[in-house]
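Subject: Model handover

Hello,

Here is the structure for your files. My notes on it follow below.

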Amino acid sequence: MKLSFDFDKTVGRIKPMHGIGQPPFDVGNEGIDGSWLHWLTEANIPYSRLHDTYGFFGGNFFVDIPILFRNFDADETDPASYDFAFTDDLFAKLEAAGVEPYFRLGVSI
C-alpha cells in the first residue's frame, strides 16, 4: 500500500484522538482535589475515559455500579438509592479543566 499526501490541499481538521483514562486527581475531605488536572489542560488532552477510576489501596471512589448503587436490595426506581456525589464532582473538575469525560458504567477489576 502506498500513501501520498498533498500538503497544498486543505481537507479539514484532524479529529483529536489523544484522550486518556483515569484522570490524575486526589480525594480529600473537601472532595476531589483537581489541582493535578492542569497537566491535562497543558497537554491539550480533550477526553478522559472514566474506567477503574481511583480505587487503589481500598479507596472507595469509583465511577462504578457498586459505588453509584451501593445497596443492591434497594429500590432501583428511587433516586435516593443512588450516590452520584463523587461522579458529579469529578465531572465538574474535568469540565473546568477543559477535558470531556467519557462515562463508562461497569465494575472495576
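Start with Arg 104: it forms a salt bridge with Asp 64, and the closest N and O atoms are 3.2 Å apart. (Salt bridge: a side-chain nitrogen of Lys or Arg within 4 Å of a carboxyl oxygen of Asp or Glu.) The pair links distant parts of the chain, 40 residues apart: Arg 104 sits in the segment after E5, Asp 64 in the loop between strand E4 (47–50) and helix H2 (65–68). Both Arg 104 and Asp 64 are buried. (Buried is under 20% relative accessible area, exposed over 50%, partly exposed in between, with a 1.4 Å probe and protein chains only.)

This is a predicted model, where local features need pLDDT of at least 70, side-chain atom pairs count only at pLDDT 80 or more, and totals for chains, interfaces and linings use all residues. Residues are numbered from 1 along each chain as its sequence is written, and side-chain values use heavy atoms, with hydrogens and water left out.

Confidence first. Mean pLDDT (the predictor's confidence in each residue, from 0 to 100) is 84 for the chain, and 90% of residues reach 70 or more.

The fold: three helices and five strands, in the order β-β-β-α-β-α-α-β. (Helices, H or I, at least four residues, and strands, E, at least two, are DSSP runs numbered from the N terminus.) Of the 109 residues, 31% count as buried.

The structure holds three salt bridges. In one of them, Lys 93 pairs with Asp 89, with the closest N and O atoms 2.7 Å apart. These two are separated by about one helical turn, because they lie four residues apart in helix H3. Asp 83 bridges to Arg 70 at 3.5 Å between the closest N and O atoms.

Beyond neighbours within four places in sequence, Leu 90 is in contact (heavy atoms within 4.5 Å) with Pro 23, Phe 25, Ile 32, Leu 50, Thr 53 and Val 63.

Val 107 lies in the segment after strand E5 (100–103). Val 107 is exposed, at 54% relative accessible area.

Regards
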